[in-house]
Amino acid sequence: MHPPAEAITALLDGTHADPFSLLGVHPGPQGAFARAILPGAERAEAFALDGTSLGVLKRVDPRGLFEGPVAGPRQPVRYACQAGQHSWDVTDPYSFGPVLGPVDDFLIGQGTHHRLFDKLGAHVIDHEGARGVHFAVWAPNARLVSVVGDFNDWDGARHPMRRRSDTGIWELFLPDIGGGRPYKYRIVASDGTVQPYKADPYALAAELRPHTASITLDAPPHAWGDAEHRAFWEKADPRRQPISIYEVHAGSWRKPGDGREFYSWDELADQLIPYAVDMGFTHIEFLPVSEHPYDPSWGYQTTGLYAPSARFGEPMGFARFVDGAHRAGLGVLIDWVPAHFPTDAHGLSRFDGTALYEHEDPRQGFHPDWNTAIYNFGRREVRDFLINNALFWAERYHVDGLRVDAVASMLYRDYSRKSGEWIPNAQGGRENWEAVDFLRAMNQAVYGTCPGVMTMAEESTSWPGVTQPALDEGERPSSLGFGFKWNMGFMNDTLRYMARDPVHRRYHHNEITFGLVYAFTENFVLPISHDEVVHGKGSMLGKMAGDDWHKFANLRAYYGMMWGYPGKKLLFMGQEFAQRREWSEARALDWDMLDHAPHAGMQAWVRDLNRAYAALPALHARDCEGEGFEWLVVDDALASVFAWVRRAPGHAPVVVVCNMTPALHDHYRLPLPHDGEWREVLNSDAAHYGGSGQGNAGKIVAEDGAAFVILPPLSTMMFECQIKAE
């Protein structure tokens with residue numbers, strides 16, 4: 001039976017909800033029957049993919065509708081089209097069967113599909129004898145979804161997709177196209193309104209801003225050479241390894257001098273990797289590298305979670321960077337942002353005409369701090385979208401870990417909200433248990449399937465158990481399962497202390513000592529991040545008290561204290577040489593500062609701190625355990641002196657001593673855990689770092705549990721026991 005006229009009109013207009021029911025090849029009592037829309041054609045002959053002629057179709061509508069019987073069973077077909085002197089071939093996408101199968105539907109429905117990034121989005125594949133691109137997108141409330149791109153003149157009527165009713169996923173295999181093709185989705189909402197064309201949430205590549213289309217990617221798998229690096233971290237306990245992180249904004253670490261805005265990943269690899277290795281860092285942590293429309297967001301408002309930003313070239317360049325870093329012994333971490341997403345029209349906001357990824361109610365779905373949307377963590381498909389993304393970066397790009405941004409904003413429903421601006425949970429509390437469940441599931445998936453990969457939480461409150469295993473214990477477990485947590489309290493307290501005039505520090509001694517009360521309640525990273533040098537906060541050098549000489553001395557003493565303090569280390573780029581200006585994403589770091597001795601001295605100090613931290617197990621092997629720390633001088637507020645011992649079983653202990661006043665103590669009695677000789681490992685006041693050159697001639701000797709030492713002004717020193725290992 002011929003379809004009703006209104007069905008044909010809808011088909012030709014691209015508004016038919018089920019184009020596969022009418023188009024393609026269909027079996028019938030008299031044999032197979034084909035129907036196709038071939039705009040501009042006057043004649044069309046059907047061929048099997050092997051070139052066998054199947055029959056000539058008749059044009060039954062001047063708008064390009066052809067139909068007629070064809071030989072053989074249902075199969076993919078190619079049409080040879082003619083119009084006057086012109087001829088062309090079209091492989092019919094509607095003659096192909098679906099790519100996704102019942103197993104995909106089942107796992108998606110269960111919320112246990114951990115390979116969604118191989119199924120959704122755009123993938124160049126071979127399917128039923130043809131090579132092309134399979135498109136799949138989740139839009140359960142849409143009336144119609146079409147894929148549009150340069151391959152169909154961005155015409156939404158040309159390629160409407162097949163709806164999989166069980167999952168709300170729309171899919172279409174388009175033969176004869178490959179990588180490098182821009183595309184979006186044209187989505188008709190349930191009320192008939194057409195959404196702004198949407199980028200693909202699972203896109204593997206994207207156009208360079210200000211353009212916003214997704215790009216099909218057909219890149220051969222990278223030939224990885226990092227097996228040794230990955231094998232080491234798969235077996236290692238990261239809590240007991242030296243981890244010193246160099247936080248980098250890829251777009252402004254350095255900039256090309258040839259008029260381009262950004263270096264490519266390959267160019268960055270040539271410069272950044274050897275620099276980080278020379279400086280003794282163990283990891284590079286990038287601010288978000290996924291696609292984002294707005295440079296001043298630094299990547300924290302991403303529209304393409306699966307696509308490395310086009311700012312730095314083609315996506316596989318990032319894989320080459322990670323591989324090169326691993327071969328050089330460096331880990332690579334990335335900032336990951338599941339806390340919010342921007343409301344740009346081409347992004348996730350009201351994706352299918354409804355609040356699909358976000359909450360409908362702004363009291364749950366809108367973030368007042370960043371003017372962004374908040375993911376609906378209670379929706380299974382949204383949670384799977386994010387968990388799959390975490391696994392994607394670990395698998396596809398071999399990243400060593402994820403630093404999860406703004407965790408506190410996810411944990412509390414009233415975060416940055418006044419009374420009446422938030423909705424309590426079912427128990428009447430402020431906890432966002434849906435976000436807790438998501439974070440737990442994400443960490444379980446990462447640690448369960450990606451050995452050697454770690455997660456770190458930027459969490460600024462006292463939420464219990466951030467780095468405790470995400471075990472299903474109790475009625476409402478709160479442990480989150482992260483590997484590490486940023487110690488924001490350490491950063492805030494100690495920077496407040498260092499900003500004080502040394503004459504007043506005696507009254508604020510606890511700003512240094514208080515952190516040790518809770519230092520081992522979580523696995524901590526000590527962060528001096530980009531957040532401390534933006535938005536009018538100035539530079540690290542500018543935060544220090546005193547004149548220029550005192551600022552440098554204070555900063556060297558501060559870094560020394562931090563590297564001797566229990567916890568992993570993180571320093572934002574530029575702070576290793578005491579950049580004077582506040583950081584801006586729009587310009588490169590002030591590398592010319594290294595032409596001046598104080599800045600070169602600071603860089604040398606950080607380099608030596610990193611090397612000592614890695615070389616001396618006492619400084620790193622018990623960073624997260626109380627047995628690795630003991631106070632030696634905790635209450636000398638009058639002199640603003642602090643001293644402690646760092647220990648690791650089987651290794652020589654190291655004593656850290658800080659004098660936070662500009663007074664030289666030339667006969668200070670320092671308690672020590674062992675008598676005998678102690679080698680001076682580091683002294684921030686050494687002349688080649690820019691200090692006054694005061695010290696202890698390379699060693700001190702303890703008798704009766706103490707030694708009389710010289711404490712240089714505004715300094716940190718470290719001494720290693722030479723007698724025996726503990």
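Predicted model: local features only at pLDDT ≥ 70, side-chain atom pairs only at ≥ 80, totals over all residues.
Local features need pLDDT of at least 70 and side-chain atom pairs count only at pLDDT 80 or more, whereas totals for chains, interfaces and linings use all residues.

Entry on β9. Eight of its nine residues are buried (under 20% relative accessible area, 1.4 Å probe, protein chains only), so β9 is largely enclosed by the rest of the structure. Strand β8 (residues 121–127) runs antiparallel to β9 and is joined to it by seven bridges (strands pair if DSSP finds at least two bridges between them), with His123 facing His134 of β9 as its bridge partner. Two residues separate the strands of this hairpin, where Glu128 takes a positive phi near 50°. I also found β9 paired with β12 (residues 169–175), again antiparallel over seven bridges, and there Ala136 stands opposite Glu171.

Entry on rings. I counted 52 aromatic pairs, taking rings of Phe, Tyr and Trp (its six-membered ring) with centres within 6.5 Å, where planes under 30 degrees apart are stacked, over 60 edge-to-face and the rest tilted. Trp265 and Phe286 are edge-to-face, because their centres are 5.2 Å apart and their planes at 75°. Trp265 lies in helix α5 (residues 265–278) and Phe286 in strand β16 (residues 283–286), so the pair ties together parts that are 21 residues apart in sequence. Both residues, Trp265 and Phe286, are buried.

Technical notes. Residues numbered from 1 in each chain as written. Heavy atoms only, no water. Helix = DSSP H or I, 4+ residues; strand = E, 2+ residues; numbered from the N terminus. Buried < 20%, exposed > 50% of the residue type's maximum accessible area, 1.4 Å probe, protein only.
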